[in-house]
Amino acid sequence: MEKKQGQVWEKGMHTDFKEEMSYGEYLQLDQILSSQRRLSGHHDEMLFIIIHQASELWMKLMIHELSEAKACISRGELEPSFKMLSRVSKSQLQLIQSWDVLSTLTPSEYMEFRDALGKSSGFQSFQNREIEFLLGKKNERILEIYQHDQPRYKRLEQVLHEPSIYDVSIQALAQRGISVDSAVLNRDWKEPYAAHPSVEEAWLQVYRDVEKYWDLYDLAEKLVDLEDRFQQWRFRHMKTVERVIGMKMGTGGSSGVSYLKQVIDQRMFPELWELRTKL
């Protein structure tokens, strides 16, 4: 081992990559790091681009984990899903914290390059929509945004018509012999989920006998973690937008902060929140 100017060099460290795959090649860093193309040339546009690109990578991981967790729950394999759902929750923390970095962008700085965005907006993120669909926040009309991109349109249409992770969790209750109304178990998956008394009673049964239903109880708490952090993300999004553009209309045509405030209190797993009052 050699030491030079505070650095440690070990003799076994590989240095010849003529015939071997390097770290940068494995991660395709040339492609990733050449994708930050400022349209305005303004210094702070780089921050804006990187924050949103990094967020999309975290969302890709979330979709990967949520999809497999949903498949596990559908097969009655609850325990393997728990680590996946925990990983999604940790990924959500990265998204929440990213707003702190973006909020260093001042209103004056953003206005220097905002026009370069045209009509593009984070509202159009197809991965964010897929996450919402996977969690059960369905909205068929939102597909209109993706008509110009048929592969992504078809992908979102497919997820729209599939049961959400909450739907398969409710099915897991029924598979364990807990009574759930057939109207819930056989509902139209593309419709937004609406709270149902039988589902609330089913989850109450789980929470009142944790020892018997420990895995279902753990699943419920993992879902609450997801929604809790999803709401935190929504709130930080709203406050960052308010800080940067005030009450201006969003670049994608939404009402901006006013729109974001409307969606903050929407519930995806309503019974899991309501039962807390009734326990």
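The model is predicted: local features need pLDDT of at least 70, side-chain atom pairs count only at pLDDT 80 or more, and totals for chains, interfaces and linings use all residues. Residues are numbered from 1 along each chain as its sequence is written, and side-chain values use heavy atoms, leaving out hydrogens and water.

The chain has 13 helices and two strands, assigned as DSSP runs (helices H or I, at least four residues; strands E, at least two) and numbered from the N terminus. Of its 279 residues, 41% are buried, meaning under 20% relative accessible area; exposed is over 50% and partly exposed in between (1.4 Å probe, protein chains only).

Helix H10 (residues 197–208) has 12 residues, which at 1.5 Å a residue should span 16 Å; its end C-alpha atoms are 16 Å apart, in agreement. The expected span is 1.5 Å times one less than the number of residues. Among the buried residues of H10 are Trp 203, Leu 204 and Tyr 207.

The whole structure holds 19 salt bridges, each a side-chain nitrogen of Lys or Arg within 4 Å of a carboxyl oxygen of Asp or Glu. Three of them are tabulated.

| Pair | N to O distance |
|---|---|
| Glu 77 and Arg 75 | 3.3 Å |
| Glu 221 and Arg 276 | 2.6 Å |
| Lys 239 and Glu 242 | 2.9 Å |

Glu 221 in helix H11 and Arg 276 in helix H13 are 55 residues apart, so this pair links distant parts of the chain. Lys 239 and Glu 242 lie three residues apart in helix H11, about one helical turn. Glu 68, Arg 75 and Glu 77 are linked in a network of salt bridges.
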